[in-house]
Amino acid sequence: MVVLDAIHRIQALHANDLACRWNCKAGKCGSCSMEINGRPKLACMTRLSDYDPEETITVQPMKTFPIIKDLVTDVSFNYEVNKRIPPFKPKPRDADGNYRMMQKDVDRIQEFRKCIECFLCQDVCHVLRDHRRQDAFAGPRWFIRLASLEMHPLDTADRVSQIKEDFGIGFCNITKCCTEVCPEGIHITDNAIIPLKERLADRYYDPVMWLMRKITGKDRKK
Amino acid sequence: MAVSTNPADHAPAAGTRPGGHKDGFRATSRKDHWATEPLAVLIGLSLFIIYATWAAFQGNHYYVSPYLSPFYSPLLWVNPDAAGAAPVAHAWFGSWPQWWPAFIPISPSILILPFPGAFRFTCYYYRKAYYRSFAGMPPGCAVGPIPQHPYKGETKFLLFQNLHRYAMYIALIFVVVLWTDAVRAFFKDGRFGIGVGTVVLIINAALLSGYTFGCHSLRHLVGGRLDCFSCSSSCEARHSLWSKITGFNERHMQYAWMSLFWVAFTDFYVRMVSLGYIPDFNTWGR
């Protein structure tokens, strides 16, 4: 039995109007995100047997997002951020009309495709959760998406300046809570956020890179 | 199980948000022992900083043939008058300079320790560690941080963290120097041998290598900045290197702690042997 089952039991027997978002019950749709004993988790993947039988289990909605009702939150902030990300812009096809990518080129970005958009990483990120910098910071989920586009071997768009200015990656201080709560085990900080920060360092903070660009007259990408 | 359906029973308490969340430093609904980890990190890093600072300012008993403490390597200048000092021939630039200001302690360590210190201070792992443990930004996941109005993260004062790669370049030189010290420790007065100190120095160089080669900036520079790993033979070679560094990078935290502990232990061991408090078991005989 999982926490979501217990919520459904309460819903059926004690509080018919209790609002709770859910769908697959298999940890793949990302709908039943909530905070269980204060920790952002998927209710369908949290076993009751992991807790002391005498313990009171507390469930709360995600703190980062406005509450619609009970455990249901309004996560539309995320979709608004997503709309601002420049989409995939592939280079021209090969002469035979195909695109070609080697496995080693897609292995790295394949990890980011595992994201189920549960937004637990957005919930736990203190920049959004406590400091409320939704005005300036996109959040970990969108740095995964930006990394998957920026590292794509066929993509030609350049999003580095937007990652700095519009999506505010500098607000992230690498506390890795997003990685800790990710139910898909994506290494959000090590494989997406830090590599993007390093790309920013190449562009904006490294004087040697700046000098090399001036001498060679060309940018790294595109 | 009896569940109250009276909405009044479920209304948020005063000072909490509608979802029952609290605001403020250390505010959380977590019921586990979340403070254990930041507290352990706080204690561990504090102990290291205190010991390393003390050891760096001693300026003596950092050498006992053929072992040199890693806190004092590379040796730029040597003060031959200090007890337990290395022979002047070991120093890159000879005897301690006459122009050295009198108000600054004479210790070869203070000339070089800022560099590995900068490498660790700007390291992505240690940033996580000390932001949580020392700065409360935040102290734990889903735990209230110290309020900042407005929060700036690494966009203003902390922008210098983006120059971590320069500290890494210097750290790579230190790795070469420490391996050289470890290999030279097999030879005492021209005779090959092995002792406990040799093993200690080798482990120290190996752990510091594991930590340095797992650096996120190094991982980026050798291959991470490429979008296509298969586009040329040089890209293929860089992918191979990137993959190996990724292996170290996945254990960066473990190497960070093990190397931190061991480098302090190595200094402690050399110091104890130099002071004559403990013997060094070796094949040379005393």
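This is a predicted model: local features need pLDDT of at least 70, side-chain atom pairs count only at pLDDT 80 or more; totals for chains, interfaces and linings use all residues.
Mentor: Residues are numbered from 1 along each chain as its sequence is written, chains are lettered from A in the order in which they are written, and side-chain values use heavy atoms, with hydrogens and water left out.

Trainee: Why are H5(B) and H6(B) called roughly antiparallel?

Mentor: Helix H5 (residues 164–184) and helix H6 (residues 196–212) of chain B pack at an angle of about 160°, with their axes 9 Å apart. Helices here are DSSP runs (H or I, at least four residues), and strands are likewise DSSP runs (E, at least two), numbered from the N terminus. Axes are lines fitted to C-alpha atoms, for helices over the stretch in contact, and angles run from 0 to 180 degrees between N-to-C directions. Angles over 145 degrees count as roughly antiparallel (under 35 roughly parallel, 65 to 115 roughly perpendicular, the rest oblique). H5(B) and H6(B) are therefore roughly antiparallel to each other.

Trainee: Which residues make the contact between H5(B) and H6(B)?

Mentor: Among them, Leu172(B), Val175(B) and Trp179(B) in H5(B) meet residues of H6(B) including Leu201(B), Ile202(B) and Leu208(B); contact means heavy atoms within 4.5 Å. By class, the contact of H5(B) with H6(B) has 11 nonpolar, four polar and one charged residues. Ala, Val, Leu, Ile, Met, Phe, Trp, Tyr, Cys and Pro count as nonpolar, Asp, Glu, Lys and Arg as charged, and the others, Gly among them, as polar.

Trainee: What makes Asp189(B) count as exposed?

Mentor: Its relative accessibility is 71%, and exposed means over 50% relative accessible area (buried under 20%, partly exposed in between; 1.4 Å probe, protein chains only). Asp189(B) therefore counts as exposed. Asp189(B) lies in the loop between strand E3 (187–188) and strand E4 (191–192) of chain B, and has a positive phi of about 55° although it is not a glycine.

Trainee: What is the class of Arg26(B) on that scale?

Mentor: Arg26(B) is partly exposed, because its relative accessible area is 48%. Arg26(B) also has a positive phi, of about 70°, although it is not a glycine.

Trainee: Where is a cis peptide bond joined to Pro66(B)?

Mentor: The bond joins Ser65(B) and Pro66(B), with omega about 5°. Pro66(B) is in the loop between strand E1 (63–64) and strand E2 (67–68) of chain B. The bond from Ser73(B) to Pro74(B) is cis, with omega near 5°.
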